[in-house]
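Please look over the chain displayed here before reading on.

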Amino acid sequence: MQTKDALDKLDRSILRCLQANGRETYDVIGEQVGLSPSAVLRRVKRLEEAGVIDRYVALVKPESVGLGLTAYLNVRLEKATESHKRNPMDVFRAAVQTWPEVVECASLTGEMDYLLRVVVADMAHYSRFIMETLLKHPSVQDCKTSFVLDHVKATTAVPV
C-alpha cells in the first residue's frame with residue numbers, strides 16, 4: 001500500500017472520517033461508509049500497519065494554553081564548514097528537535113534553507129527564542145520572520 005492507487009474508495013472514506021474525528025467509533029464510521037464495524041476495524045488496522053495512518057493525536061489550540069503568537073521563520077544556514085565538523089544541516093536538524101517553540105520545520109529549495117513554524121506566548125518569548133536559541137546556534141547565518149495576523153485556514157487533514 002505504498003501508492004495512492006492502492007487506496008480504494010472505502011479506504012479514502014474511512015480516512016476522511018478519521019481525519020474529521022480520530023476518536024469516532026467503528027460503528028459510526030461503518031454507518032457513514034457502508035461497512036460493518038468489524039470490516040472498518042480490519043481496514044483501519046491495515047492502514048495503520050501500512051503506515052498510511054501515522055499516529056493519533058489530540059490537537060491543542062495554542063491560544064488556550066497561553067501560546068498566542070505564531071511566527072514563520074525563514075532560516076539560512078552557513079554553507080562552508082571545515083571537513084572535521086559535522087554538516088551544518090545535520091547539526092541544525094538535531095537542534096530543532098529539542099526546541100519546544102518549533103512545532104514544524106521544513107527543508108526548502110531557494111534562497112533560505114528551512115521554514116520554521118514557531119508558537120510562543122508573546123513577543124518577549126519570541127525575542128528570547130530568537131536571541132538566546134536560534135541566532136546563537138552555530139549553523140544559523142540569518143533568519144527572516146513573518147508574524148501570523150489571522151489564521152485563514154488551518155487543517156491537519158490531507159485531501160484523500
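## Basis of the model

This is a predicted model, in which local features need a pLDDT of at least 70 and side-chain atom pairs count only at pLDDT 80 or more, whereas totals for chains, interfaces and linings use all residues. Residues are numbered from 1 along each chain as its sequence is written, and side-chain values use heavy atoms, with hydrogens and water left out.

## Cysteines

A search of the whole structure finds zero disulfides, a disulfide being a pair of cysteine sulfur atoms within 2.5 Å. C105 is accordingly in no disulfide, and the nearest cysteine sulfur to that of C105 belongs to C143.

The surroundings of the two residues can be described by relative accessible area, where buried means under 20%, exposed over 50% and partly exposed in between (1.4 Å probe, protein chains only). C105 counts as partly exposed because its relative accessibility is 33%, while C143, at 16%, counts as buried.

## Two domains

The chain is divided into domain 1, residues 9-50, and domain 2, residues 62-147, with bounds that come from an automatic or database domain assignment. Taken over C-alpha atoms, the centres of domain 1 and domain 2 are separated by 37 Å.

## Nonpolar cores

A nonpolar core is a set of buried Ala, Val, Leu, Ile, Met, Phe, Trp, Tyr and Cys residues joined through side-chain atoms within 4.5 Å. The largest one has 20 residues, and those with the most contacts inside it are L73, V75, F92, W99, L116, F129 and L134. At least two residues of this core are supplied by each of β1 (69-77), α4 (88-96), β3 (114-120), α5 (123-134) and β4 (140-147), and β1 gives the most, with five residues. Helices (H or I, at least four residues) and strands (E, at least two) are DSSP runs, numbered from the N terminus.

Leaving aside neighbours within four places in sequence, W99 is in contact (heavy atoms within 4.5 Å) with F92, F129, T133, L134 and H137. A second, separate core has eleven residues, among them L7, I14, V33 and L47.

## Strand β3 and its partners

Five of the seven residues of β3 are buried, so this strand is largely enclosed by the rest of the structure. Strands pair if DSSP finds at least two bridges between them; β1 and β3 run antiparallel and are joined by seven bridges, and β2 (residues 102-107) also runs antiparallel to β3, with five bridges joining them. C105 stands opposite L116 in β3. The hairpin of β2 and β3 has six residues between the strands, and in this hairpin G110 takes a positive phi near 100°.

T70, which is in strand β1, has V119 of β3 as its bridge partner. T70 is buried, with a relative accessible area of 6%, and, not counting residues up to four places away in sequence, T70 touches R117, V118, V119, S146, F147, V148 and H151. D113, in the loop between β2 and β3, likewise counts as buried, at 7% relative accessibility. Beyond its neighbours within four places in sequence, D113 is in contact with V75, R76, L77, K79, M89, A106, S107 and L108.

## Helix α2

The buried residues of α2 (residues 26-33) are I29, G30 and V33. Seen down the axis of α2, these residues fall within an arc of 100°, so they line one face of the helix; the arc is that of the directions from the helix axis to the C-beta atoms. The face turned away from this buried side carries the exposed residues E31 and Q32.

What covers the buried residues of α2 includes α1 (9-20) and α3 (37-49).
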